[in-house]
Amino acid sequence: MHNKIDFNHKTILITGGAGFIGSNLAFYFQENFPKSKVIIFDCFRSEDTFKNGNLKSFGHYKNLIGFKGDIICGNINSKEDLSLLEHYKFDFIFHHAAISDTRVYDQKIVLKTNVNSFYDLLSIAKNDQAVIVYASSAATYGSLKSPQIEGNESPENPYGYSKYAMDQIAIRFTKENPSLKIVGLRFFNVYGPREFYKGKTSSMVIQLGHQILNGNAPRLFNNSNKILRDFIYIEDVIQANILACTAKQNGSFNVATGTPRSFQEIADILQKELNTDLGTEYFPNPYNGYQMNTQADMTNSKEYLGFESKFTLEKGINAYVPEILRLHNEDSS
């Protein structure tokens, strides 16, 4: 799974670069390709919230402490802000800026932010002849039965639909511009460092980790040993982004392990890692039509990206625990 691209002396744009995946990507380039030129474009968080009480943007300056590249604070919905990118010529564009909250039901704002801006980024890619790798989502599958396979989608919320729409736009754009590399990545349940500032939309791993560190039994829905998700560690996700740059063909590909694990297993692995024995507190699942099992079919990702995850849930949580502890100590100090 060795990537052949030397990103040194390349100009790289990361939209949503102060967010979870974007900021990890920025540091990956900084650490491994110190001569690369990385430009982060992010609107950063304001105190604005959606009707559901969640923040409108999760980009946080703390995710970028130590980052040495260019930072442009801008909104991808603003042509004026996007014009600040015009004096660069990009080799690679990683488009991670989006409204990624699945429980925002305002269709207008979700589609405007996720879909309209995609046209603008594709036109920058075309203009610069840049490779563009963008965030699609497992939400494009809705609650279809597992395994989830590309080409069989059924989005059930505005966010899932917006990513589905982006995938369709990318297919058409590919046909019109056959020389361009345009690859979508359908992330399943990503967890790992720098997700903390996503608040309520951060992963079960960090939320349960902090419950346990507060001395409380992890709280799970009834029958959580039967609720399965395809959890993927951030380091695997970074590798998928890198491999996408040399994909054998354009398209949208699953990024997951292909091995679903239960919510109960997360709680149990965390307790083992944190040396606690607090049991589990169960409560009724409040959601109707709740997805009971996600499992990515990884055939296409393996074939066209050369991607296979390296982190099992055990290995990922083990790698993440020092950061969970650090954040908890910082939070409680």
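This is a predicted model: local features need pLDDT of at least 70, side-chain atom pairs count only at pLDDT 80 or more; totals for chains, interfaces and linings use all residues.

Tutor: A search of the whole structure turns up 19 aromatic pairs.

Student: What does the pair Y28 and F29 look like?

Tutor: Y28 and F29 make an edge-to-face pair, with 5.7 Å from centre to centre and 75° between the planes.

Student: Are those two buried or exposed?

Tutor: Y28 and F29 are both buried.

Student: And how is the pair Y161 and Y164 arranged?

Tutor: The Y161 and Y164 pair is tilted, with 6.0 Å between centres and 45° between the planes.

Student: Where do Y161 and Y164 sit?

Tutor: They are in helix α4, which covers residues 158-176. Y161 and Y164 are 3 residues apart there, so about one helical turn separates them.

Student: Why does that spacing matter for direction?

Tutor: An α-helix has 3.6 residues a turn, so residues three or four places apart point the same way.

Student: New topic. Where is T11?

Tutor: T11 is in strand β1, residues 11-15.

Student: Is T11 buried or exposed, and what does it contact?

Tutor: T11 counts as buried because its relative accessibility is 13%, and the cut-off for buried is under 20%. Apart from neighbours within four places in sequence, T11 is in contact with K37, I39, Y88, K89, F90, D91 and F92. F92 also belongs to the aromatic cluster.

Student: OK, helix α5. Which of its residues are buried?

Tutor: In α5, residues 204-213, the buried ones are V205, I206, L208, G209, H210 and I212.

Student: What follows α5?

Tutor: G215 follows α5, and its phi is positive, near 85°.

Student: Now a loop residue. Where is A296?

Tutor: A296 lies in the loop between β13 (281-283) and α8 (299-305).

Student: Is A296 buried or exposed?

Tutor: Buried, with a relative accessible area of 4%.

Student: Which residues does A296 contact?

Tutor: Setting aside neighbours within four places in sequence, A296 is in contact with Q148, F188, D230, N254, A256 and G258.

Student: How far is A296 from F253?

Tutor: Their C-alpha atoms are 9.7 Å apart, while A296 and F253 are 43 residues apart along the chain.

Student: Now zoom out. How many helices and strands are there?

Tutor: The chain has 9 helices and 13 strands. Its radius of gyration is 19 Å, close to the 20 Å that the globule rule gives for 333 residues, so the chain is as compact as a globular protein of that length.

Student: What does the C-alpha trace span?

Tutor: About 55 × 45 × 40 Å along the principal axes.

Student: How much of the chain is buried, and what about the surface?

Tutor: Of the 333 residues, 53% count as buried. The accessible surface is about 15300 Å², and 48% of that belongs to carbon and sulfur atoms.

Student: What about contacts across the sequence?

Tutor: Among contacts between residues at least 6 apart in sequence, 82% join residues at least 24 apart.

Student: Last one: how are the charges placed?

Tutor: The chain has 34 positive and 35 negative charges, and their mean positions are 3 Å apart.

Key: Residues are numbered from 1 along each chain as its sequence is written. Side-chain values use heavy atoms; hydrogens and water are left out. Helices (H or I, at least four residues) and strands (E, at least two) are DSSP runs, numbered from the N terminus. The radius of gyration is taken over C-alpha atoms; the globule rule is 2.2 Å times the number of residues to the power 0.38. Buried means under 20% relative accessible area, exposed over 50%, partly exposed in between (1.4 Å probe, protein chains only). Contact means heavy atoms within 4.5 Å. Accessible areas come from the Shrake-Rupley method with a 1.4 Å probe; for residues, only the protein chains shown count as cover. Lys and Arg count as positive and Asp and Glu as negative; His and the chain ends are not counted. The place of a charge is taken as NZ of Lys, CZ of Arg, CG of Asp or CD of Glu. Rings of Phe, Tyr and Trp (its six-membered ring) pair if their centres lie within 6.5 Å; planes under 30 degrees apart count as stacked, over 60 as edge-to-face and the rest as tilted.
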